[in-house]
Amino acid sequence: MTMISEAELLALVPTQLYINGAWVDATGGKTLPVYDPSNGKLIATIADASPADGKAALDAAVAAQDSWARTPARTRSDILRKAFDLVQTHKNEFALLMTIEMGKPFNEALGEVGYGSEFLRWFSEEAVRVQGRYGSNPEGTGRAIITQMPVGPCFLITPWNFPLAMATRKIAPALAAGCTVVIKPASLTPLTTLYFMKILEEAGVPAGVVNVFTTSTTAAVSDPIIADKRLRKLSFTGSTGVGQALMRQAADNVLRTSMELGGNAPFIIFDDADLDKAVEGALVAKFRNIGQACTAANRFIVHESLAEEFAKRITKRVSEFTMGRGTEEGVTIGPLIDNKAVAKADELVQDALTRGATLTTGGHKVEGAGSYYEATVLTNVQAGSKILKEEIFGPVLSIVTFKTEDEAIDIANDTEYGLIGYVYTESLSRSQRLIERLQTGMMGLNAGVISNAAVPFGGVKMSGLGREGGFEGIHEYLSTKYTMTPNP
Ligand code: NAD
């Protein structure tokens with residue numbers, strides 16, 4: 001499948017912290033283990049940063065900020081473009097590494113390499129297009145100069161579910177804008193970011209511009225960084241609860257934040273939908289990444305006239321999935337990230353069943369090594385079930401029915417989250433109404449996958465603040481400066 005063996009690949013992955021252009025051990029020499037979720041085996045032992053290491057990483061980013069901001073945009077752009085090319089050259093290694101540390105099937109991991117690396121190319125192109133304005137004020141008494149400045153040193157915190165894409169989606173726009181960064185990947189999947197740092201180094205990122213630390217004592221190391229007045233921006237992707245806590249901390253310094261948080265995506269199938277398309281869309285929107293995506297369809301809201309046929313077709317397809325380690329040929333469902341995730345999926349399924357749902361396939365955790373949960377379909381899920389309120393983050397598809405368009409929209413919007421909604425309809429006017437009435441930052445209209453580096457990704461309500469990707473993405477790392485000057 002790949003040119004390199006797992007052992008050879010793991011030997012290439014750095015296990016230290018990257019601070020100020022050097023690979024270093026944690027002060028005090030502490031380490032933390034990284035496991036393969038498909039079998040529970042130890043795959044690496046990496047540096048476990050202390051608060052002093054976190055401070056050193058921020059010191060380095062602060063020291064490098066001025067010269068990186070003054071580096072010509074074309075130079076910054078060239079470095080990002082080189083990083084894109086290098087990731088392409090090493091795409092099989094990145095994919096295999098993500099499969100080993102996170103569990104997604106190899107082909108899906110390759111897909112993430114494609115998606116994740118595109119942020120490097122997109123923002124290498126955006127780096128040279130940051131512009132300002134110059135003009136007379138309406139009274140004709142003076143001139144306004146409006147420029148875009150890098151916000152300054154940034155702290156980036158990423159989750160475990162898309163180890164490469166979550167890192168590139170933040171690092172690329174920050175560097176393009178002229179900001180230096182400290183990045184902390186999730187301790188469950190730190191290896192991809194460490195390997196990516198090697199690529200950035202090879203691409204020519206100067207010392208101090210990107211600093212990486214991994215830690216098991218997240219709050220102890222992160223809190224002082226967030227409290228430090230030299231930090232100018234916090235960009236977080238993860239759960240809503242942690243995001244809220246970080247926003248409270250950020251308030252002390254009125255720190256700028258971007259928050260990419262949880263979701264509870266509705267997937268609405270209207271009676272005028274093309275059911276073949278809806279089934280294909282449902283499979284990817286639900287089961288990609290083993291259901292562990294913030295964009296994963298969480299609630300299937302299906303018109304009552306189609307619900308039985310949809311459930312029949314989807315159950316057949318889901319029962320044909322092949323579960324196993326993502327490196328094995330033909331595997332479509334890998335393990336969940338850990339046993340806690342398995343217990344959570346099972347708890348939600350059992351709660352739905354107790355309240356009257358019907359199980360058509362799956363519904364059990366798999367005994368033995370590795371954290372596997374069967375791909376599951378539930379029909380007739382009753383209002384009030386936890387599975388309709390909470391992010392499932394697992395391979396469980398649950399179906400509720402509706403009669404009218406208004407009812408479907410009410411059910412879809414009945415959540416504190418607002419990241420994405422999926423809508424299947426062949427009606428143009430209904431599509432337009434849904435675009436306006438669905439309370440989400442994004443929508444898949446007859447489309448089960450929407451992610452792309454060239455578009456603004458992000459949510460409303462408790463799904464977050466800010467956008468990543470697109471023209472909007474770089475502005476998360478720029479601050480607008482207005483200068484007044486008299487007429488010449
Ligand atoms: P998480 O909130 O537990 O952790 C995310 C990151 O925050 C990790 O690196 C973690 O170590 C760190 N963290 C945890 N506590 C912290 C603290 N007190 N201070 C500083 N950092 C802290 O989330 P997770 O389980 O890693 O990821 C899954 C969640 O991420 C889901 O809710 C999912 O919807 C969300 N997510 C959102 C998006 C998006 O773009 N909206 C994308 C991917 C994942």
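Tutor: One term to begin with: a residue is buried if 20 or more other C-beta atoms lie within 10 Å of its own. This is a predicted model.

Student: What share of the chain is buried residues?
Tutor: Buried residues make up 53% of the 488 in the chain.

Student: What confidence does the chain get, as mean pLDDT?
Tutor: The mean pLDDT is 98. Residues at 70 or more make up 100% of the chain. The model also scores ipTM 0.97 and pTM 0.98.

Student: How many helices and strands are there?
Tutor: There are 14 helices and 22 strands in the chain. The radius of gyration is 23 Å, close to the 23 Å from the globule rule for 488 residues, so the chain is as compact as a globular protein of that length.

Student: Which residues have the most contacts inside the largest nonpolar core?
Tutor: Leu80, Val181 and Ile268 do, in a core of 148 residues. Helix 6, residues 165-177, gives the largest share of this core, 9 residues.

Student: Where does the core lie?
Tutor: Domain 1 (6-261 + 464-481) and domain 2 (265-445) both give residues to the core, so it lies between them.

Student: Back to Leu80. What does Leu80 touch?
Tutor: Leaving out residues up to four places away in sequence, Leu80 touches Leu120, Phe123, Ser124, Ala127, Ala172, Leu175 and Ala176.

Student: New topic. Which feature does UniProt place at residues 23-482?
Tutor: An unreviewed UniProt entry places "domain: Aldehyde dehydrogenase" there. Residues 23-482 are 39% helix and 20% strand. The end C-alpha atoms of this span lie 40 Å apart.

Note on methods. Residues are numbered from 1 along each chain as its sequence is written. This is a predicted model: local features need pLDDT of at least 70, side-chain atom pairs count only at pLDDT 80 or more; totals for chains, interfaces and linings use all residues. A nonpolar core is a set of buried Ala, Val, Leu, Ile, Met, Phe, Trp, Tyr and Cys residues joined through C-beta atoms within 7 Å. A residue is buried if 20 or more other C-beta atoms lie within 10 Å of its own, exposed if 12 or fewer, and partly exposed in between; C-beta atoms are placed from the backbone. Helices (H or I, at least four residues) and strands (E, at least two) are DSSP runs, numbered from the N terminus. Domain bounds come from an automatic or database domain assignment. Two residues are in contact if their C-beta atoms, placed from the backbone, lie within 7 Å. pLDDT is the predictor's confidence in each residue, from 0 to 100. UniProt positions are given in the numbering used here, feature names are shortened, and annotations may be inferred rather than shown by experiment. The radius of gyration is taken over C-alpha atoms; the globule rule is 2.2 Å times the number of residues to the power 0.38.
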